Amino acid sequence: MKILFIHQNFPGQYKHLAPALAAAGHQCVALTLRVKEPATWNGVRVLPYQIKRQQGQGIHPWVTDFDTKVIRAEACFHAAMHLRDSGFTPDIIVGHHGWGETMFLRDVWPKARIGLYCELYHLANEEHLGFDPEFQSDSTTLDALRIRMKNLNNLVHLQVADAGISPTQFQAGTFPPEWRQKIEVIHDGIDTDLVTANPEVRFALPNGSEVTRRDEVITFVNRNLEPYRGYHIFMRALPRLLRERPNAKVLIVGGDDVSYGARPPKGQTWKQIFIDEVRGQIPTPNWERVHFLGKIPYDQFIKLLQVSRVHLYLTYPFVLSWSLFEAMSAEAAIVASDTGPLKEAIRDGENGMLVDFFDGDGLVEKCCALLEDAEMRRNFGQAARKHIVQNYDLRSQCLPRQMQWVDHLAGLEPQPIRD
């Protein structure tokens with residue numbers, strides 16, 4: 001088959017699927033913003049597209065998000081037209097519609113089957129919009145309207161998608177029934193051969209020292225340090241955690257930007273805001289045991305998880321991070337928030353511990369309980385890895401199911417365009 005991948009940051013979620021399809025003999029092409037010149041990556045022909053139109057001025061703030069997606073969709077449309085005119089007609093198109101890119105591809109290739117990566121449908125109910133009162137605006141009613149408008153992109157894509165794929169039941173469950181009947185839940189997959197326990201691991205710290213499995217290491221990971229991933233809860237728990245564990249070293253991974261949710265006040269970062277909030281409660285000798293590592297290379301990230309004695313993970317009811325599954329695959333002992341996404345991954349008291357998202361004291365107490373009990377940590381870690389291997393292993397579970405999903409997509413009757 002001829003298969004076209006669409007992802008602004010290709011390969012993204014297709015870093016395993018696209019090479020596997022190319023290796024199986026399919027002609028695979030990708031359109032992306034990530035490259036400036038045509039290239040070949042693992043058998044996939046990667047072609048750039050460029051955004052030339054600027055965002056409109058004076059548009060309503062509630063449709064700013066949709067405006068950026070239409071701009072990206074238009075740019076991808078023109079690249080697709082050029083690809084079509086050069087003689088390429090895909091049998092199937094596989095894309096992440098979250099950035100709008102796939103919006104007009106049915107108009108370019110009406111007979112192509114289109115499968116979309118369904119990451120999240122934005123919900124404005126109390127569980128989601130009102131989850132963290134600290135960061136609510138003055139008008140939750142207006143926020144609900146704004147969130148509803150963020151789904152314009154999802155609504156447009158409903159008549160584009162022939163099939164969908166979502167990595168977790170929680171994420172698939174955010175979509176309404178007319179979407180849900182198209183979506184199959186298949187995770188992107190964890191390379192459990194690569195991400196595994198290593199009792200001999202050594203991890204270098206920025207101060208020139210290093211930690212091993214003999215050290216009491218507590219880890220906390222965000223893509224960016226922000227409230228959506230519980231950074232504020234973790235930081236407010238940090239003074240007590242450092243007092244109660246005088247030998248612990250706390251390793252924090254994450255950038256200074258914002259991946260999800262509201263931005264901090266202009267000129268500030270969430271990272272520094274919460275450092276400033278708690279720093280006065282932490283004596284300097286204790287603060288010297290806290291290491292902010294920023295964003296680190298993946299090989300170092302694996303070592304970080306392998307050296308972790310207890311891994312803390314918090315999130316709003318939202319997309320579940322790969323890092324949690326990777327920590328479980330590395331046999332880390334997990335303390336995580338008792339929120340919707342975690343219920344698929346963590347069985348409280350069996351392969352980890354769950355704690356109320358807002359309960360900083362509970363987070364410290366459960367972390368300390370694990371640090372005091374090596375047998376419990378070992379049992380939780382082994383059970384966590386077993387759960388990942390059985391349900392999320394890349395080669396034995398997820399990639400074969402993704403390949404089957406592509407075959408299923410190829411056999412569908414493409415949706416007609418409805419004006």
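## Close-up views of a predicted model

**View 1. Asparagine 42 sits in the loop between β3 and β4.** Helices and strands are DSSP runs (H or I over at least four residues for helices, E over at least two for strands), numbered from the N terminus. Asparagine 42 has a positive phi, near 50°, although the residue is something other than glycine. With a relative accessible area of 49%, asparagine 42 is partly exposed, where buried means under 20%, exposed over 50% and partly exposed in between (1.4 Å probe, protein chains only). The model shown here is predicted, so that local features need pLDDT of at least 70 and side-chain atom pairs count only at pLDDT 80 or more, while totals for chains, interfaces and linings use all residues. Residues are numbered from 1 along each chain as its sequence is written, and side-chain values use heavy atoms, with hydrogens and water left out.

**View 2. Glutamate 331 is another residue with a positive phi that is not a glycine.** This glutamate is found in the loop between α13 (322-329) and β15, and the phi of glutamate 331 is about 70°. Its relative accessible area is 29%, so glutamate 331 is classed as partly exposed.

**View 3. Eight strands form an open sheet with mixed pairing.** Read across the sheet, the order of the strands is β3-β4-β2-β1-β5-β6-β7-β8, and two strands count as paired if DSSP finds at least two bridges between them. At the edges stand β3 (39-41) and β8 (183-185), each of which pairs on one side only. From one strand to the next the twist averages 25°, the axes being lines fitted to C-alpha atoms (for helices over the stretch in contact) and the angles running from 0 to 180 degrees between N-to-C directions.

**View 4. Strand β1 pairs with β2 and with β5.** Four of the five residues of β1 are buried, which leaves this strand mostly covered. Five bridges join β1 to β2 in a parallel arrangement, and within β2 it is cysteine 28 that stands opposite isoleucine 3. Four bridges join β1 to β5 (residues 92-96), again running parallel, and here leucine 4 has isoleucine 93 as its bridge partner. Elsewhere in the sheet, β6 (residues 113-117) and β7 (residues 163-166) are paired in the parallel sense over three bridges, with glycine 115 opposite alanine 163.

View 5. The bond from phenylalanine 10 to proline 11 is cis, with omega near 10°, and proline 11 belongs to the loop between β1 and α1.

**View 6. Helix α2 lies across β1, β2 and β4.** The helix runs at about 145° to β2. After α2 comes glycine 87, whose phi is positive, near 110°.

**View 7. Glutamine 171 and threonine 174 are both buried.** Glutamine 171 lies in helix α7 and counts as buried because its relative accessibility is 1%. Leaving aside neighbours within four places in sequence, glutamine 171 is in contact with Glu119, Ser166, Val319 and Leu320. Threonine 174 has its place in the loop between α7 (169-173) and α8 (177-180), where a relative accessibility of 6% means that the residue counts as buried. Not counting residues up to four places away in sequence, threonine 174 touches Leu120, Tyr121 and Leu123.

**View 8. Six strands form an open sheet with parallel pairing.** The order of these strands is β13-β12-β11-β14-β15-β16. Because β13 (290-294) and β16 (353-355) stand at the edges with a single partner strand each, one side of each is left without a neighbour in the sheet. Neighbouring strands of this sheet are turned by 20° against each other on average, with direction ignored. Three bridges join β15 (residues 333-337) to β16, and these two run parallel, with valine 335 opposite methionine 353 in β16.

**View 9. Glycine 267 is exposed.** This glycine lies in the loop between β12 (249-255) and α10 (270-279), and its relative accessible area is 82%. The C-alpha atoms of glycine 267 and leucine 314 are separated by 26 Å, the two residues being 47 residues apart along the chain.

How values were computed:
Contact means heavy atoms within 4.5 Å.
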